[in-house]
Each structure stands twice: as C-alpha cells, then as structure tokens.
Amino acid sequence: MTADELKKRTKQFGLRCIKVVESLPNTKTADVLGRQLLRSATSVGANYRSACRGRSKPDFISKVGIAIEEADESLYWLEIITESGLLPDKQLSELMKEGDEIVAILTASSQTAKRNLETISNQKSKIRNSK
C-alpha cells in the first residue's frame, strides 16, 4: 500500500466515524462518546499525513506512533458505543474491522521504519569502526 492510498484510507475512516457520530441518539452519553470518537478518528489521518511530512526517520516513527494510538483509541470508543447499546454491533462491525486493519498497517509501517533506521545506524557504525 502506498502512502497516498493509506492517506485516503485513514481519511475515509475518519469520515465514516463522523457518520457514526451523526447517527448516535441525542443523549448526554452519546454526545460525550461521539465527541471522543470524532477527536480520535479524525486524528488518525491527520497524524499519518504529518508523519509522511516528517523531517527524519525518528520523526516519522514518532508521528506514526501517535496515529496508531489514535486508531486504537477510536476502536475503544466504537467498542464502548456498541457494548453500551447505543448502536448495534452489526452497524459498526465493518468499521471496526477497518480500524483494526489500519492499526495493523500503521504498526507494520512503524516497525519497518524502525528496522531501516537500525540498519542505517549499524552501517554508519561499521564505517566509523573501519576507519
């Protein structure tokens, strides 16, 4: 998956969560949970875009880590919404599956970046030691 494809996918996740929040009942509880979901779900794509503009590998890794945390938090709020009975599980199951996939993709991306950074660091160390 390319960076642009993942940017689109994370944006769609946020947009789908907006629709979920709009479909919640008009109660105090739903309002609080909806606001939490809105913040975390729309933050996933924003933080991934920021990571793609990172100034360094460590900056990318840090910002992707934030995107992972926000995606996982979004899943938490979706779970709370279904388990509290505000919306049926069947209505949110596909969205939750998408959230799980986004977490997995971002985690894999972060791990790859960490391995690449470690490889570069090891190569630089070998060059220094050979002088």
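A residue is called buried when its relative accessible area is under 20%, exposed when that area is over 50%, and partly exposed in between. By this scale C52, with a relative accessible area of 29%, is partly exposed, whereas C17 counts as buried at 1% relative accessibility. Both values, like the others below, come from a predicted model.

| Residue | Relative accessible area | Class |
|---|---|---|
| C17 | 1% | buried |
| C52 | 29% | partly exposed |
| Y76 | 42% | partly exposed |
| W77 | 14% | buried |

A disulfide is a covalent bond between the sulfur atoms of two cysteines. How many disulfides does the model contain? The count is zero, and C17 takes part in none, since the nearest cysteine sulfur, that of C52, is 19 Å away. A pair would have to lie within 2.5 Å, so the 19 Å between the sulfur of C52 and that of C17 is too far for a bond.

Helix α1 covers residues 3-23 and helix α2 residues 28-52, and they pack at an angle of about 170° with their axes 9 Å apart. Because angles over 145 degrees count as roughly antiparallel, α1 and α2 are described in that way.

Elsewhere, the structure holds one aromatic pair. The ring centres of Y76 and W77 are 4.9 Å apart and their planes stand at 75°, so the pair is edge-to-face.

Conventions
Residues are numbered from 1 along each chain as its sequence is written. This is a predicted model: local features need pLDDT of at least 70, side-chain atom pairs count only at pLDDT 80 or more; totals for chains, interfaces and linings use all residues. Side-chain values use heavy atoms; hydrogens and water are left out. Buried means under 20% relative accessible area, exposed over 50%, partly exposed in between (1.4 Å probe, protein chains only). Axes are lines fitted to C-alpha atoms, for helices over the stretch in contact, and angles run from 0 to 180 degrees between N-to-C directions. Helices (H or I, at least four residues) and strands (E, at least two) are DSSP runs, numbered from the N terminus. Angles under 35 degrees count as roughly parallel, over 145 as roughly antiparallel, 65 to 115 as roughly perpendicular and the rest as oblique. Rings of Phe, Tyr and Trp (its six-membered ring) pair if their centres lie within 6.5 Å; planes under 30 degrees apart count as stacked, over 60 as edge-to-face and the rest as tilted.
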